[in-house]
Amino acid sequence: MPYDWRPQAALTFLALPLSLRAKLHYDSLASLAQAPAGELPMLSVIIPARNEAANLVHLLPSLQRLDYPGPLEIIVVDDNSTDQTARIAEAYGARVVQIDHLPPGWKGKPHACHRGAEAARGQWLLFTDADTLHLPPSAARAVSTALRHGLDGLSLFIKQECRGTVDRLALMTAYAGLFAGAPPEDRLLNGQYILLRRDVYEHSGGFSAVRQEALEDVALGYHLRQLGYSIAVLLGEDMASVRMYGSLAQLWHGMNRLAADSLRWSGPQALWTGLFVTALMSPLVVLLAIAKGGLNRRWLPLTWATATLSMIPWAQRFGSPAWALLVPLGALFVQAAAAWGLLSRLFGRGVLWKGRRV
């Protein structure tokens, strides 16, 4: 009896309702408030940096241009880099905290963030990645929003910048898939931009409480909400941007890392993300089935059009609706990287990130 490919082909039609679910979650996020006149409390910007010389030459000037009406310090935590990270940070006037080894029981990024917090003098701590860029009003608006609403902290989803076709397609798919899962405010923080009151950081244990976590931002968000702190997740695409991966190898390892730990923190809600990405990839399964003579050719334009329509709003955010036409290829990359990351973690190999196994 020949194999029936129709159920797998029909899976594509789940993409439309799941895309709507993702859009509703995304649209539910508020934006930052305008900053009122008057001085704001001291802010410490903390940048964990491991071999980030190429990124710091762009990030640090953007931080120097911040229009922040209050004391501001910039701290770069040089996490045992082998490039010119420390020299460039000093050249731009940042305080440099040197780390020459990783203590047992710690992952690299939570340790670097925690060391930066220990050195900070500000009443508010802004943790941000070295591959981000910040617009002048961003910090003032973030702190003002937290003060106005009595928040203990906030985290921003910032604009995703892409270098080429593959990372655009993969990030577009992964980003939509993220929002197709649990609502972001459920427990998620975005490590690219986390603002916390200093006393909240200290009383909660901060990154030391999640020292062994590879997805330290998600783990910290869950930890803070378990303790009852008020942490908002907001949209900040008009306030900052990030270019996450400099090469296909970095993109692959990044997707490995995200997939290997996201299931743990998302729980059953990860099913929606997995279904969505699989549905977007299904037209490629249809193409294979047609080549094997197992499906009528009419399935291909129908499923491909469904996947394309599902991703048009997300493709628009990543530059052009036309990118939605290629989304099955992006979904294939995400699925393959996710499977590899999960298998690597399952067999105890860990995932390679920043030259370390996490």
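Q: At what angle do helix α2 (residues 15–27) and α12 pack?
A: The model is a predicted one. In it, the axes of α2 and α12 lie 8 Å apart. The packing angle between α2 and α12 is about 20 degrees.

Q: Is α2 roughly parallel or roughly antiparallel to α12?
A: Angles under 35 degrees count as roughly parallel, and those over 145 as roughly antiparallel. The angle here is about 20 degrees, so α2 is to be called, relative to α12, roughly parallel.

Q: Which residues of α12 make the contact with α2, and what is the handedness of the crossing?
A: From α2, the contact takes in Ala15, Leu16, Ser19, Ala22, Lys23, Tyr26 and Asp27. The α12 side consists of Thr306, Leu309, Ser310, Trp314 and Arg317. The crossing of these two helices, α2 and α12, is left-handed.

Q: How many charged residues does the contact of α2 with α12 have?
A: Lys23 and Asp27 of α2 take part, as does Arg317 of α12. Beside 6 nonpolar and 3 polar residues, the charged residues in the contact of α2 with α12 number 3.

Q: How many charged residues are in the contact of α11 with α12?
A: On the α11 side are Phe276, Leu280, Pro283, Leu284, Val286, Leu287 and Ile290. They meet Trp299, Leu300, Thr303, Trp304, Ala307, Ser310 and Met311 of α12. By class, this contact has 12 nonpolar and 2 polar residues, and the charged ones number no residues.

Q: How do α7 and α12 lie relative to each other?
A: The axes of helix α7 (residues 165–180) and α12 come within 10 Å. They cross at roughly 110 degrees, and the range 65 to 115 counts as roughly perpendicular. The relation of α7 to α12 is therefore roughly perpendicular.

Q: Which residues of α12 does α7 meet?
A: The α7 side comprises Met172, Thr173, Tyr175, Ala176 and Phe179. The contact has 7 nonpolar, 1 polar and no charged residues. On α12, the residues met are Met311, Trp314 and Ala315.

Q: What is the volume of the largest cavity, and which elements each supply at least two residues of its lining?
A: The lining includes Lys109, Cys113, Phe127, Thr128, Glu216 and Asp217. By class it has 4 nonpolar, 2 polar and 3 charged residues. The volume is about 40 Å³, and the elements are α5 (108–119), β4 (124–128) and α9 (216–226).

Conventions. Residues numbered from 1 in each chain as written. Predicted model: local features only at pLDDT ≥ 70, side-chain atom pairs only at ≥ 80, totals over all residues. Heavy atoms only, no water. 1 Å grid on protein atoms, 1.4 Å probe; cavity = no way out; pocket = protein on both sides within 12 Å on 5 of 7 lines; lining within 4 Å. Points joined across faces, edges and corners; volume = space filled by probe spheres on them. Helix = DSSP H or I, 4+ residues; strand = E, 2+ residues; numbered from the N terminus. Nonpolar A, V, L, I, M, F, W, Y, C, P; charged D, E, K, R; others polar. Contact = heavy atoms within 4.5 Å. Axes fitted to C-alpha atoms, helices over the stretch in contact; angles between N-to-C directions. Left-handed = near helix turned anticlockwise from the far one by under 90°.
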